[in-house]
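Hi everyone, thanks for making time this morning.

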Amino acid sequence: MMKINTLMSIINNEIPMHTAESWDNVGLLIGDTEREVTGILTALDCTMAVVTEAIEQNVNTIICHHPLIFSGIKAIQNHGYGEIIHALIKNEINLIALHTNLDAHPKGVSAMIANQLELNNIEILLPDQTELCKLQIYVPNHHAQGLKEKLAAAGAGKIGDYDHCFYSSKGHGEFRPLENAQPFVGNINEVHVEEELKVECVFEPRLKQQIIEVIHQYHPYETPAYEILTFTLPAQYGTGVKAHLPQPMMLSELAQLAKAKLSLDVVKWIGEDQRISTVGIIGGAGVSYMKDVQNKVDVLLTGDIKYHEAHDLMMMQLPAIDITHYSECVMKEGLKRLLDALIDVPVIASSVNTNPFNVY
């Protein structure tokens, strides 16, 4: 069996909480970190019908995309959202939200929509910028391996799906201990030359203080020589995806394809009917990125496009298809597949339709 805190650790490693937008509310919203996970239900929204489904399926953990608790709560009464919170607590059901961090994931919601549309060559549309720190440290040859082990245990040297990533180059360190020094090697007032390795690695900025503590605890020298540099680079996550159609088609044909593949009740397309090859997808409401997307793709697929935004798109000559916000429901099966590859716990995709809109 697996406890909630272990599940959260696994999820955070794959779909990091720090990649969520600052205004978002992700992670364990309701629950007990020490409780055993009996099963998981993936859902777009956490409604009363979804909670009932979890009870009927005998699972005690719901992972939804849209956070039930989004802003400050002043009272929890047994109606509206409060009724859902009461039901979750009463039935000891844990609630986890993976919102903009799942959006940012390279196989996240936008990629799940692209897969549903059977598109090819899926890649991040607007990569985020991320910071990394680079450590350069000089250590005696015979102590280098031990120090690298301690640095790796603290999280240094992790790049993508690899850890313990270090580069070492040989050289000679030279120094003279002064009167008050307590040298690990060498004598007071004598120049000493030591065979050393220059060890280099990268780590996340949030680990900086921990890395410094490891250096001073495990480096043999009284005063270790090192430097830490900070730089930016494109992240492995970001907003939306860019993909290619298997073969070019007209905008109106793509709109029909999206309606069928995404099981939409209605679809609206904006712009002149023209031949399309590359598609940009931003799940949810992503039209605010229209200027960033312009000239990167032939068409933008997103939801919640307003009237004046549609005119803006036309003025920019950026065709678009409104696939509605509810197209994100593909994340129920998509997240199930992601979790199935990570954990040995039953995962069920919710069968509840949480779309608040009805059409004739």
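Setting aside residues up to four places away in sequence, Ile-215 touches Leu-135, Ile-137, Leu-151, Pro-224 and Tyr-226. Please keep in mind that this is a predicted model. Where does Ile-215 sit? You'll find Ile-215 in helix α7. Is Ile-215 buried or exposed? Its relative accessible area is 0%, so Ile-215 is buried.

Leu-151 takes us to helix α6, which covers residues 141–153. Which residues of α6 are buried? They are Ala-144, Leu-147, Lys-148 and Leu-151. If you look down the axis of α6, these buried residues fall within an arc of 110 degrees, so they line one face of the helix. There is a general point behind this pattern. An α-helix has 3.6 residues a turn, so residues three or four places apart point the same way. Now turn to the other side of α6, where His-142 and Ala-153 are exposed. And what do the buried residues of α6 pack against? Their partners are β7, β8 (167–175), β9 and α7 (208–218). After α6 comes Gly-155, with a positive phi near 110 degrees.

Glu-118 has a phi near 60 degrees, and its place is in the loop between α5 and β7. Asp-304 has a phi near 60 degrees as well; look for Asp-304 in the loop between β13 (299–302) and α10 (307–315). Asp-304 counts as partly exposed, because its relative accessibility is 38%.

Next stop, a histidine. His-105 lies in the loop between α4 and α5 (109–116). With a relative accessibility of 7%, His-105 counts as buried. Which side chain makes a polar contact with that of His-105? That would be Glu-14, at 2.8 Å. Leaving out neighbours within four places in sequence, His-105 is in contact with Glu-14, Ile-15 and Leu-338.

Let's finish with the pockets. How big is the largest pocket? Its volume is about 1,200 Å³. The lining of this pocket is made by 34 residues, and those nearest its centre are Asn-13, Pro-16, Lys-158, Gly-160 and Glu-204. Two or more lining residues come from each of α1 (4–14), α4 (100–104), β7 (120–140), β9 (192–203) and β10 (225–250). Among these, β10 gives the most, with 5 residues. Sorted by class, the lining of the largest pocket has 15 nonpolar, 12 polar and 7 charged residues.

The second largest pocket has a volume of about 750 Å³. Here 28 residues form the lining, with His-325, Tyr-326, Asn-355, Pro-356 and Phe-357 lying nearest the centre. By class, that lining holds 15 nonpolar, 8 polar and 5 charged residues.

Note on methods
Residues are numbered from 1 along each chain as its sequence is written. This is a predicted model: local features need pLDDT of at least 70, side-chain atom pairs count only at pLDDT 80 or more; totals for chains, interfaces and linings use all residues. Side-chain values use heavy atoms; hydrogens and water are left out. On a 1 Å grid over the protein atoms alone, a cavity is a set of points where a 1.4 Å probe fits but cannot get out, and a pocket is an open set with protein on both sides within 12 Å along at least five of seven lines; lining residues have an atom within 4 Å of a point. Grid points are joined across faces, edges and corners, and a volume is the space filled by probe spheres set on the points. Helices (H or I, at least four residues) and strands (E, at least two) are DSSP runs, numbered from the N terminus. Ala, Val, Leu, Ile, Met, Phe, Trp, Tyr, Cys and Pro count as nonpolar, Asp, Glu, Lys and Arg as charged, and the others, Gly among them, as polar. Buried means under 20% relative accessible area, exposed over 50%, partly exposed in between (1.4 Å probe, protein chains only). A polar contact is a pair of N or O atoms within 3.5 Å; within protein, one must be able to donate a hydrogen and the other to accept it, and residues adjacent in sequence count only if both atoms are side-chain atoms. Contact means heavy atoms within 4.5 Å. The arc is that of the directions from the helix axis to the C-beta atoms.
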